[in-house]
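Hi,

Here is the structure I promised to pass on.

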Amino acid sequence: MSLPEREPTVVVDDVHIVYRVHGAGSGKGSATSALSRIISRRKSPSIREVHAVRGISFTAYRGEAIGLIGSNGSGKSTMLAAIAGLLPTERGGIYTNGQPSLLGVNAALMNDLTGERNVVLGCLAMGMTPTQVRRRYDDIVEFSGINDKGDFISLPMRTYSSGMAARLRFSIAAAKTHDVLLIDEALATGDQAFQKRSEDRIRELRKEAGTVFLVSHNNNAIRDTCERTIWIEQGELIMDGPTDRVVRAYEKGERP
Ligand SMILES: Nc1ncnc2c1ncn2[C@@H]1O[C@H](COP(=O)(O)OP(=O)(O)OP(=O)(O)O)[C@@H](O)[C@H]1O
């Protein structure tokens, strides 16, 4: 049997992810009870476990844009963070070809620095050289549209609205070609014109040989951007297939 020609970029193999929440039990617990617990080597009753991802498997290929959908708390962001290597797996494995970059609405930019400094630092942090940063700087600012309403790029980020900050984050991350780009709801905060630009840019990134994952509650953004969609519910994979089919089933609440 010959192997398929498509090149796999992310292999998720029967992955389980468990969060351990400390201090979730009732009562504060005295020093005496803590000491007796330590002596008897019992587990602290105040550690609660949240089994957020339960045995998910799939393979992503180069050039694919994959949507992740599911209700609140179903495990989408957890899955992305794990692919990015930010969360350990309890069981199973995640194998990636190339460096995954997670672009979340909470990605760290520095509030007290100007937009301008954040663009430069963000690009350097992504591994661009100072010359590359200088070359791309104007494009990034223009793409973000931050200066459309005045010279905001020279003001500290804390003066930006949440939508403006999200746009700048997306623009910085999108300036580089990523092997695997993980986007968590970044498009949700931009206005219509920016969403359109972002969708176009995601399409370009795919052509530049990357794989894009997009978590969103905006089913139209998923439809417009991704040809494949994975539906997750309570940490389990419900459906994985062509976006049209999966999103329709999700909207109707029809599980296969
Ligand atoms: N840091 C954390 N500590 C403990 N539990 C967590 C943590 N982050 C998420 N969870 C739990 O893991 C489960 C999955 O959460 P996750 O954020 O991955 O869902 P989601 O599908 O991205 O949700 P949403 O659509 O609301 O963003 C939920 O039950 C949530 O309560």
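**What I found**

Of the 256 residues in the protein, 35% are buried, meaning that 20 or more other C-beta atoms, placed from the backbone, lie within 10 Å of the residue's own. Bear in mind that this is a predicted model, where local features need pLDDT of at least 70, side-chain atom pairs count only at pLDDT 80 or more, and totals for chains, interfaces and linings use all residues. Numbering starts from 1 along each chain as its sequence is written.

Overall, there are eight helices and nine strands, taken as DSSP runs (helices are H or I with at least four residues, strands E with at least two) and numbered from the N terminus. Taking contacts between residues at least 6 apart in sequence, 74% join residues at least 24 apart; a contact here is a pair of C-beta atoms, placed from the backbone, within 7 Å.

Now the sheet. Three strands make an open, antiparallel one in the order S2-S1-S4, with pairing taken as at least two DSSP bridges between strands. S2 and S4 (91–96) are at the edges with a single partner strand each, so one side of each has no neighbour in the sheet. On average, neighbouring strands are turned by 25° against each other, direction ignored. S1 and S4 are joined by five bridges, and Val11 sits opposite Tyr95 in S4. H2 lies across S1, S2 and S4, at about 65° to S2 (axes are lines fitted to C-alpha atoms, for helices over the stretch in contact, with angles from 0 to 180 degrees between N-to-C directions).

H2 also turns up at the ligand. Strand S1 (8–21), strand S2 (48–61) and helix H2 (76–83) each give two or more. The shell includes Tyr19, Val50, Gly73, Lys76 and Thr78, counting residues whose C-beta atom, placed from the backbone, lies within 6 Å of the ligand. By type, the shell has four nonpolar, seven polar and one charged residue.

Last, the largest nonpolar core. Among its 58 residues, Ile83, Leu182 and Phe213 touch the most other members; such a core is a set of buried Ala, Val, Leu, Ile, Met, Phe, Trp, Tyr and Cys residues joined through C-beta atoms within 7 Å. Helix H5 (residues 162–174) supplies the largest share, eight residues. Beyond its neighbours within four places in sequence, Phe213 contacts Ile66, Leu68, Leu80, Ile83, Leu182 and Ile183.

Cheers

Note on methods
Ala, Val, Leu, Ile, Met, Phe, Trp, Tyr, Cys and Pro count as nonpolar, Asp, Glu, Lys and Arg as charged, and the others, Gly among them, as polar. A residue is buried if 20 or more other C-beta atoms lie within 10 Å of its own, exposed if 12 or fewer, and partly exposed in between; C-beta atoms are placed from the backbone. Two residues are in contact if their C-beta atoms, placed from the backbone, lie within 7 Å.
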